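Please keep the sequence and the model in view while reading.

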Amino acid sequence: MQKATKKQIQEIKSLFLQHYKNAKTELNYTNDYELLIAVMLSAQCTDKRVNLITPALFKKYPDILSLKDANIEEIKELIKTCSFFNNKAKNLKAMAEEVYQNFQGEIPLDRESLKSLSGVGQKTANVVLIESKEANFIAVDTHVFRVSHRLGLSKANTPLQTEEDLTKAFKDNLSTLHQAMVLFGRYTCKSLKPQCQNCFLNHLCKSKISYKPR
């Protein structure tokens, strides 16, 4: 696969910022507590599904204290239509206990502290900080991975290596570019049926292969 040139990278960046200047997550939340939970649930699950699950979950467990003291089976029942719900329920309860014990019940808003929590890796931490603080990070999910490879922005095999490539290539405006690439991958540069005829980046595309992380 041919890599994008510096000139092409700048054009890709400019076009993303032009077309998605106000891009935001499609997850529904009202505070950092709800945001973190929604992002944790969204791993390998659609935002639409998460948004169906979270209203009842947030109503029953509106804060860290209530989630910390929750019955694990009741959490599972509320999120059972989400992928990997057993593991996610355990992580949600453990996360709440850790936030209560280690961070005075407040969701920490720095990457290393977030990553210290159960069920929170770098991608989840980045997404939370992008949404909450518009931090200059980019998070690589399946959409961002596929788009970045189709456009020749990365040849990396893993999300973390791809994140490093994108950060080096784009340098700034990463929070907006993250949201842009997610929405672009979700609705235009789809895995199986990319909407190439409606794509403003069609002239810069290197491949239509449905790239997936190894």
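Does Glu163 count as buried or exposed? At 8% relative accessibility, Glu163 counts as buried, where buried means under 20% relative accessible area, exposed means over 50% and partly exposed is in between, with a 1.4 Å probe and protein chains only. The model is a predicted one, in which local features need pLDDT of at least 70 and side-chain atom pairs count only at pLDDT 80 or more, while totals for chains, interfaces and linings use all residues. Residues are numbered from 1 along each chain as its sequence is written, and side-chain values use heavy atoms, with hydrogens and water left out.

**Salt bridges**

- A search of the whole structure finds eleven salt bridges, a salt bridge being a side-chain nitrogen of Lys or Arg within 4 Å of a carboxyl oxygen of Asp or Glu.
- Helices are DSSP runs (H or I, at least four residues), numbered from the N terminus.
- Arg111 counts as partly exposed, at 22% relative accessibility.
- Asp172 and Lys13 meet through their side chains in a salt bridge of 2.3 Å, N to O; because Asp172 lies in the loop between H10 and helix H11 (174-187) and Lys13 in helix H1, the pair ties together parts that are 159 residues apart in sequence.
- Within that pair, Lys13 is buried, with a relative accessible area of 10%, whereas Asp172 is partly exposed, with 38%.
- Glu26 forms a salt bridge with Arg186, the closest N and O atoms lying 2.5 Å apart, and this pair links distant parts of the chain, with Glu26 in the loop between H1 and helix H2 (32-41) and Arg186 in helix H11, 160 residues apart.
- Glu26 is partly exposed at 32% relative accessibility, and Arg186 is likewise partly exposed at 21%.
- A network of salt bridges links Glu26, Asp47 and Arg186.

**A buried lysine without a partner**

- Lys88, found in helix H6 (residues 85-102), is buried yet has no salt bridge, and the nearest side chain of opposite charge, that of Asp47, is 9.6 Å away; Lys and Arg count as positive and Asp and Glu as negative, while His and the chain ends are not counted.
- Leaving aside neighbours within four places in sequence, Lys88 is in contact (heavy atoms within 4.5 Å) with Met40, Leu41, Ala43, Cys45, Ile79, Cys82 and Ser83.

**Packing of H9 and H10**

- The axes of helix H9 (residues 142-150) and helix H10 (residues 159-170) come within 10 Å and cross at roughly 55°, the axes being lines fitted to C-alpha atoms over the stretch in contact, with angles that run from 0 to 180 degrees between N-to-C directions.
- H9 and H10 are therefore oblique to each other, given that angles under 35 degrees count as roughly parallel, over 145 as roughly antiparallel, 65 to 115 as roughly perpendicular and the rest as oblique.
- Val144, Phe145, Ser148 and His149 of H9 and Pro159, Thr162 and Leu166 of H10 make the contact.

**Separations along the chain**

- Lys6, in helix H1 (residues 6-19), is exposed, with a relative accessible area of 74%, and the C-alpha atoms of Lys6 and Ser116, 110 residues apart along the chain, are separated by 36 Å.
- Ala56, in helix H3 (residues 47-60), counts as partly exposed at 41% relative accessibility.

Terms used
Helices (H or I, at least four residues) and strands (E, at least two) are DSSP runs, numbered from the N terminus.
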